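Thanks for making the time this morning.

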Amino acid sequence: MSQTGAREQLPILLRPEEGYDRQNCANCIAACCLRNTVLALTTPETEMMTGQGVAMRKLSSSESRGHKPGRGKEHYLLEEDCANLGTNEKGQRVCTIYDERPGVCREFKEGGYNCITFRNARMLQKPAANE
């Protein structure tokens with residue numbers, strides 16, 4: 001609580017078990033494509049994304065906190081928002097290479113568990129002092 005006794009306003013979080021609502025996509029914040037997102041990528045995906053100007057770095061096993069990225073994959077941290085993230089005529093964040101997007105993006109289903117989990121995590125983060 002603040003010094004005035006008022007409660008801090010928290011965002012309304014989505015629950016994966018409540019199912020998919022297309023309205024949520026209209027307000028997408030592209031949480032899966034933003035700086036500081038960790039992705040599990042294959043070597044071809046890594047080469048494709050770095051070739052497109054996506055700034056990322058490979059994480060050590062200690063930085064991955066023991067999580068296993070999956071067979072043939074390594075964890076990478078997006079150091080900036082994805083270079084392929086653009087804005088459409090409605091002002092919504094969209095993928096500019098949607099039809100050619102890497103497998104990791106294809107596996108990330110809109111309105112799915114990971115989508116909602118990433119959005120909730122982003123909504124709860126406090127902005128950095130330099131943002």
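Leaving aside its neighbours within four places in sequence, which residues is Leu41 in contact with? With contact meaning heavy atoms within 4.5 Å, they are Thr46, Met49, Met56, Gly72, Lys73, Glu74, Tyr76 and Val104. Before going on, this is a predicted model, in which local features need pLDDT of at least 70 and side-chain atom pairs count only at pLDDT 80 or more, while totals for chains, interfaces and linings use all residues. Residues are numbered from 1 along each chain as its sequence is written, and side-chain values use heavy atoms, with hydrogens and water left out.

Now the sheet. Three strands, in the order E1-E3-E2, form an open sheet with antiparallel pairing, where strands are DSSP runs of E of at least two residues and helices runs of H or I of at least four, numbered from the N terminus, and two strands pair if DSSP finds at least two bridges between them. E1 and E2 (56–58) stand at the edges with a single partner strand each, so one side of each lacks a neighbour in the sheet. E2 and E3 are joined by three bridges, and Lys58 stands opposite Tyr76 in E3. Helix H2, residues 43–51, packs on this sheet, touching E1, E2 and E3, and its direction makes about 115° with that of E1, taking axes as lines fitted to C-alpha atoms, for helices over the stretch in contact, and angles from 0 to 180 degrees between N-to-C directions.

Finally, Gly53 lies in the loop between H2 and E2, and, C-alpha to C-alpha, is 8.3 Å from Cys82 in space, although the two are 29 residues apart in sequence.
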